[in-house]
Amino acid sequence: MQIRKLIVSQRSTLTHRKPLSNFHLESKQWLSSFTEEPELEGFIQFIDSLINYEKSGVPKDAGTDSDDGFDLGRMKRLMTRLGNPLSKFKSVHIAGTKGKGSTAAYLSNILRSEGYSVGCYTSPHMLSIRERMSVGKMGKPVSSNALNCLFHSIKRSLNEAIVRENGCLSHFEVLTAVAFALFAQENVDIAIIEAGLGGARDATNVISSSELDASIVTTIGEEHLAALGGSLESIAMAKAGIIKHGRPVILGGPFLPHIDRILRDRASSMLSPIVSASDARVRTSIKGIGMFKGRPSQSCDLVIELDHGSQSDGESRTDLLGLAWRIHSCQEEANF
């Protein structure tokens, strides 16, 4: 039987350190490339006319799997209206209080390095709405032209859906739908999807078991308490809502024992195999900050002990600020 080992390997960018002032200048120049182009003015005006809970704040208990939670029926009906784009590719769904964006980045780039065409959807953005969606084998944000063309091709369907839902479709729901439609249009092999809030009632949680490769819960912490039920336990239950029947779930952590039990009970009820990233055989250490290929980046060492004493180790790098990432990986075959 064979297993594949992904060996993340890159040399540190900090061998030749640059003055901090240069780092700040290069970072500023890099960030300035992410601006909203006039071509997207119509799209931006359209989505800005919708309810934006990222700006106004999320209603109490809106992220819980209860009568007060967001109505996932809206998203399901919108997916149907757009031709069920999620059925065109497999997805990995990520929830968690911290670490969702970096996890999405690492996974996306590892898969791209293996030759897959990958769609990645994250939120929020800093400078341009395009930051939320990357497509293809290069991992670049969707181009203004591609996003604008897609918007105009589905604008009528979006308007019909907004009327059908009595204006209740939100900014995030429509953006999520646009991302799914984009990935289907671009024929990606797999999409890495970051949940926006919680999981159970998040707009991204319309991925069915048959469309899901795996779900990931990174960490559980006390953020968005009011929106997610008011306790650490209710937050864990909300995020565990992305675990789907028969599909593997990767647990980050480490979690408090009773929180770990909530996640594992959900996985057990869904007959979902569990992989624990907080296993003692997985070790990481954060290193320094520097510039890599014109981008601010941070590197870390990663060691994963595999079965029968074999080991995968190396150094990985992720660019800062949650905008773009680069990782170089290679693979090795091991027999056991």
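Helices (H or I, at least four residues) and strands (E, at least two) are DSSP runs, numbered from the N terminus. The views below show a predicted model, in which local features need pLDDT of at least 70 and side-chain atom pairs count only at pLDDT 80 or more, while totals for chains, interfaces and linings use all residues. Residues are numbered from 1 along each chain as its sequence is written, and side-chain values use heavy atoms, with hydrogens and water left out.

**View 1. The chain as a whole.** The chain contains nine helices and 13 strands. Of its 336 residues, 49% are buried (buried means under 20% relative accessible area, exposed over 50%, partly exposed in between, with a 1.4 Å probe and protein chains only). Among contacts (heavy atoms within 4.5 Å) with a separation of 6 or more, 73% join residues 24 or more positions apart.

**View 2. The second largest pocket and its lining.** A pocket is an open set of points on a 1 Å grid over the protein atoms alone, where a 1.4 Å probe fits, with protein on both sides within 12 Å along at least five of seven lines; lining residues have an atom within 4 Å of a point. The second largest pocket holds about 710 Å³ of space, and 35 residues line it. Nearest its centre lie Ser123, Ala195, Gly196, Leu197 and His224. At least two lining residues come from each of α3 (53–56), α4 (72–81), α5 (100–113), α7 (171–185) and α8 (232–239). Helix α7 gives the most, with three residues. By class, the lining has 13 nonpolar, twelve polar and ten charged residues.

**View 3. Helix α9 and its buried face.** Helix α9 (residues 257–269) has 13 residues and reaches 18 Å from its first C-alpha to its last, close to the 18 Å expected at 1.5 Å a residue; the expected span is 1.5 Å times one less than the number of residues. Its buried residues are Ile259, Asp260, Leu263 and Ala267. Seen down the axis of α9, these residues fall within an arc of 105°, so they line one face of the helix. The arc is that of the directions from the helix axis to the C-beta atoms. Their cover includes β7 (212–217), α8, β8 (249–251) and β9 (274–276). After α9 comes leucine 271, whose phi is positive, near 55°.

**View 4. Lysine 155 in helix α6.** Helix α6 (residues 144–164) contains lysine 155. Lysine 155 is partly exposed, with a relative accessible area of 32%.

Conventions:
Points joined across faces, edges and corners; volume = space filled by probe spheres on them. Nonpolar A, V, L, I, M, F, W, Y, C, P; charged D, E, K, R; others polar.
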